Amino acid sequence: DAPGEALVTDTATSVAKAGDSPMWGSVRIGAPDFGVTAPVGVHRAVGGRHDLPVPGDILCAALAACMDTTIRILSNNLGIPLASLEVAVQADCDVRGTLLVDPTVRVGFNAMRVGVKAVPGPGVTPKQVERLVQMAETCCVVLHTLKNGVDVAFQLDAGKEADAGWRA
């Protein structure tokens with residue numbers, strides 16, 4: 001009835017101030033009126049401690065969260081109850097590209113794996129669960145974004161120095 005309402009915009013914003021360590025930071029996930037701030041770290045493979053979630057972990061979490069909620073929404077809407085659901089995501093990256101060690105190695109993840117463990121609820125067959133998960137694969141936004149790529153517009157506002165302490 002209202003196609004314009006189908007277009008949504010999700011947000012995340014990093015939060016850093018002059019003097020903050022480059023090894024730890026935080027990101028505000030979601031809109032200011034309901035979002036949460038999550039701590040982030042740097043992966044040990046590129047010089048960090050990996051003592052907090054790193055951006056790759058957050059990417060895996062986005063895919064796990066999207067697949068989980070998609071399956072559960074479909075489960076609810078189609079009346080196919082699940083006794084339990086777990087979605088696990090792993091991603092592999094060769095950091096030689098990002099560290100500029102080997103220019104032939106592309107920057108980014110080489111492979112991602114999604115594992116779904118869905119236990120059927122009362123009266124539900126494994127075949128119904130299999131079909132449910134196949135349907136979720138068809139409409140999981142993050143899964144399709146990762147599989148098909150997305151145009152990313154990049155904008156820089158260098159502005160004026162915020163304070164004398166903010167220097168590269």
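Val46 sits in the loop between strand E3 (36-41) and helix H1 (55-78); helices (H or I, at least four residues) and strands (E, at least two) are DSSP runs, numbered from the N terminus. This is a predicted model, where local features need pLDDT of at least 70, side-chain atom pairs count only at pLDDT 80 or more, and totals for chains, interfaces and linings use all residues. Residues are numbered from 1 along each chain as its sequence is written, and side-chain values use heavy atoms, with hydrogens and water left out.

Is Val46 buried, partly exposed or exposed? Val46 counts as partly exposed because its relative accessibility is 34%. Buried means under 20% relative accessible area, exposed over 50%, and partly exposed in between (1.4 Å probe, protein chains only).

Together with Leu99 and Val101, Val46 makes a nonpolar surface patch of about 240 Å² accessible area.

Thr70 lies in helix H1 and is buried, since its relative accessible area is 11%.

| Residue | In contact with |
|---|---|
| Cys140 | Leu63, Cys66, Met67 and Thr70 |
| Thr70 | Ala136, Cys139 and Cys140 |

Key:
Patch = residues over 30% accessible without salt bridge, like charges linked within 9 Å, V, L, I, M, F, W, Y side chains within 5 Å. Areas by Shrake-Rupley, 256 points an atom, 1.4 Å probe, with all protein chains shown as cover. Salt bridge = Lys/Arg side-chain N within 4 Å of Asp/Glu carboxyl O. Contact = heavy atoms within 4.5 Å. Lists of a residue's contacts leave out its neighbours within four places in sequence.
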